[in-house]
Amino acid sequence: MTPAVYFDGLSTRPIWVEVWREDAVLHWRTADRQRAWQASLASMEPSARVTGLPFVLHLADGAHLQIEHDQMPADWFPGHHRLEKLVDWLERRWMAALAGVVVVVVSLLALFEYGVPWAADRVADHLPHALESSMGRQSLTALEGRVLLPTHLSAERQTHLQAVFWHFALGMPGLGDVRLKFYSAPMIGANAFALPDGTIVFTDQLASALPDDEAFIAVIAHELGHQVHHHMLRQVLRNSGAFIVAGMMMGDVTSMGGITAGIPLFLINSHYSRTFEEDADGFAFAALSRQDIDPVAFVHMMQALQRSHPESKDQAAERYVMSHPLNADRIGRAEAASLAFKARHGAGAAVQAKK
Amino acid sequence: MHHETMASGIYLPELDVPAADLTDRSRRLEFRGNARDYFRIWIVNVALSLVTLGIYSAWATVRTRRYMYASTALADTPFEYLARPLPILRGRLLTALIFALYALAGHVSRPVQLGAALVVGLFMPWMIVKSLMFRARYSSWRGLRFHFTQDYAGAYQWYLLTYLLLAVPMVLVIVLSAGGHALVGLLLAFAAFTGIYPWIKGNQQQWMIEHHHFGGKSFRFKGQLSNYYAIYIKAVGIAIVAFLACAALFGALAVSALKGHLQGFNPKAPPIWFIASAYLVMAPAYLAVWTYAHKAMTNQMYNQAQLGSYRFHSTLAYWPLLGIYLSNAVVVLCTLGLAWPWARIRLARYRAANLEIIGGGDLNDFVRDAFSHGEVGAAATEMDSLLGIDIGL
């Protein structure tokens, strides 16, 4: 006999009973044997097993039997909650909990490193181009007049840079619809960025900090890389994806979620933009090589910008460097690209010499 | 833990109360869960949710909530959480979709996003009602379910229309600062704000409590509006003290850290560590204020509520609660979230230990009521917890 508490579903009065099973029927009665009840096992709906919690056997009429945890014979409801039985088995084991920690860490890494970017890129592939254009226009309208002011570059300087730009851009097949726009931007200083509709925004401050045309082309090649690979749209989708996934995960954690979610999300987003920067660099190196410019021009441009403002009042030039940090990795890749370029050119020159 | 659903009054004629034993007895809620068990349950369920790309998360939610409910006992009987996973999963998918559309809309067109925000705002009171209904319906004790009657008009009145009143002081500020009386405008707006906000909050609480029912009785609420003014005036005082103290501390630290290389410091573009530590110092100040408002409002809610012949007595205290929140935050951050179950259990234990039900009866006089309740969708509840909207509980 198993002790239990019976609630008739009509009131909150508890009735202490003893339960026993006869074949497929459950019987229970009060200790003084004054009252007795019965019901078939098939008509009852037991709650799933959870560590430390009492079992609740729901009857069809709204009544229920409450049996203390670990006191219900396992063979009463063998076919119920098969999945949750397995989960319960795991939940009772410290080894499973430890494995759980590992699984959580690994799958979180995998989710944010591969899962979210993969899904976001698939979505990006299927979004109509009109959406991307309207996104670009929306960003530009938001910035124009507030952050981006009319350019102060002289007309001839503009014409010259546009000519250099088009010469470089036309040499690249499959570039799509691109254009270059100059703005004076005292607030953001020396910077250049690609908008999803094909506009490359170039600030006066950056234009005046560049040592030569090759440096200009290096910046342009990098930004075209963002353009060709649809980085802005993909970045937006990835960030929103990470935001939604994290939001869903924190859903249960409401009170503290807001504070703790912010920091990892910031790190994840800057991680995504770092991979995009690498992508754009790769594109730039290849594009520069193809047009017979040594990719090392890129490093020279960055170094020139860094040199141009050693603790000077010209903080503006720093901005482009800050958003595109020149670390050893980046220099290494540029130099590797440069070596490959030289090797290819050296070989090409040698072949031509032989002819 | 949502023992908040058990607030409340009478809507069916009182059944005859047993004449014997009319001396008041006090029964404390008891929390029986422990961090070791809950940690294992939590981590296994989180791992399974991640591995199944979120599909299992609905089952995980049901299991972890069941643990919290069933670990809370009143008069030796645990509460029960009865929701099914599938409606929760549906709600979750719907929420994710709405959220995704909203997040994307902001990048495509500002008006579309504004429109979406407006629509969500218009639906918010409706969602609050739905989510309260869902929670009440799937919380039960001794075989009887809680019930929340739908009152959309009331929800729109107290969760939307009255907030529009708050726009009046805002307009006042703009008009007066345009006229050159910025300070007067600010003071007037502050006065108007402190006049309106506690009134809204008090009425929201009353509305919420009075629409809950249990066991053939409705919860009643005898609110004193002046109590709410006292709460919010104190909260403002604490806010001023806490933010000044934290700002002074931060200022002192920043000055000593910057000593020597102050000329390299650009106030327009402060370095990352400066911003990060500013947040780090302000977070406790925010927590200090929030804890006070939360503690005072929770006590107020229970202490003014009544269910049949039973009263409630909530004794949450400021310093112990703030201590729990602060240490929870520090430990959870330091363990990268692994201590979350421990933090949750601790809080639940403290909250349960500080809630009493007082009355002359033996708690056996609740009966199944005549309402037949339909199934309530989980979407609204999920939406609520995702958007982080605190319904003032």
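Residues are numbered from 1 along each chain as its sequence is written, and chains are lettered from A and ligands numbered from 1 in the order in which they are written. Because the model is predicted, local features need pLDDT of at least 70 and side-chain atom pairs count only at pLDDT 80 or more, while totals for chains, interfaces and linings use all residues.

Trainee: Which ipTM does the predictor give the complex, and what is the average pLDDT of chain B?

Mentor: The pLDDT is the predictor's confidence in each residue, from 0 to 100, and in chain B 84% of the residues score at least 70. Over residues 1–19 of chain B it stays under 50, and over residues 384–393 of chain B it is below 50 as well. Where pLDDT is low, the predicted coordinates should not be read in detail. The complex has a pTM of 0.78 and an ipTM of 0.75, and the average pLDDT of chain B is 79.

Trainee: Which helix supplies the largest share of the side of chain A that touches chain B?

Mentor: Counting two residues as in contact if their C-beta atoms, placed from the backbone, lie within 7 Å, 50 residues of chain A are in contact with 51 residues of chain B. Helices here are DSSP runs of H or I with at least four residues, and strands are runs of E with at least two, numbered from the N terminus; those that each supply at least two residues of this side of chain A include H1 (82–91), H3 (129–143) and H8 (254–290). The largest share, 10 residues, comes from H2(A).

Trainee: At roughly what angle do the axes of helix H2 of chain A and helix H1 of chain B cross?

Mentor: The axes are lines fitted to C-alpha atoms over the stretch in contact, with angles running from 0 to 180 degrees between N-to-C directions. The contact involves residues including A:Trp94, A:Gly100 and A:Leu111 of H2(A) and B:Phe39, B:Arg40 and B:Val51 of H1(B). The axes of H2 (residues 94–126) of chain A and H1 (residues 35–51) of chain B come within 8 Å, and they cross at roughly 35°.

Trainee: In the open sheet of chain A, which are the edge strands?

Mentor: Strands count as paired if DSSP finds at least two bridges between them, and the 7 strands of this sheet are in the order E4-E3-E2-E1-E7-E6-E5 with antiparallel pairing. Strand E1 (residues 2–7) is joined to strand E2 (residues 15–22) by 5 bridges, and 6 bridges join E2(A) to strand E3 (residues 25–30). The strands that each pair on one side only are E4 (36–40) and E5 (45–46) of chain A.

Trainee: Which residue in the turn of the hairpin formed by E2(A) and E3(A) has a positive phi?

Mentor: Within the paired strands, the bridge partner of A:Val17 in E3(A) is A:Thr30. The hairpin has 2 residues between E2(A) and E3(A), and the residue with a positive phi, about 55°, is A:Asp23.

Trainee: Why does A:Gln66 count as buried?

Mentor: A:Gln66 is found in strand E7 (residues 64–67) of chain A, and beyond four places in sequence its contacts are A:Ala4, A:Val5, A:Pro54 and A:Val56. A residue is buried if 20 or more other C-beta atoms, placed from the backbone, lie within 10 Å of its own, exposed if 12 or fewer, and partly exposed in between. A:Gln66 counts as buried because its C-beta neighbours inside 10 Å number 21.
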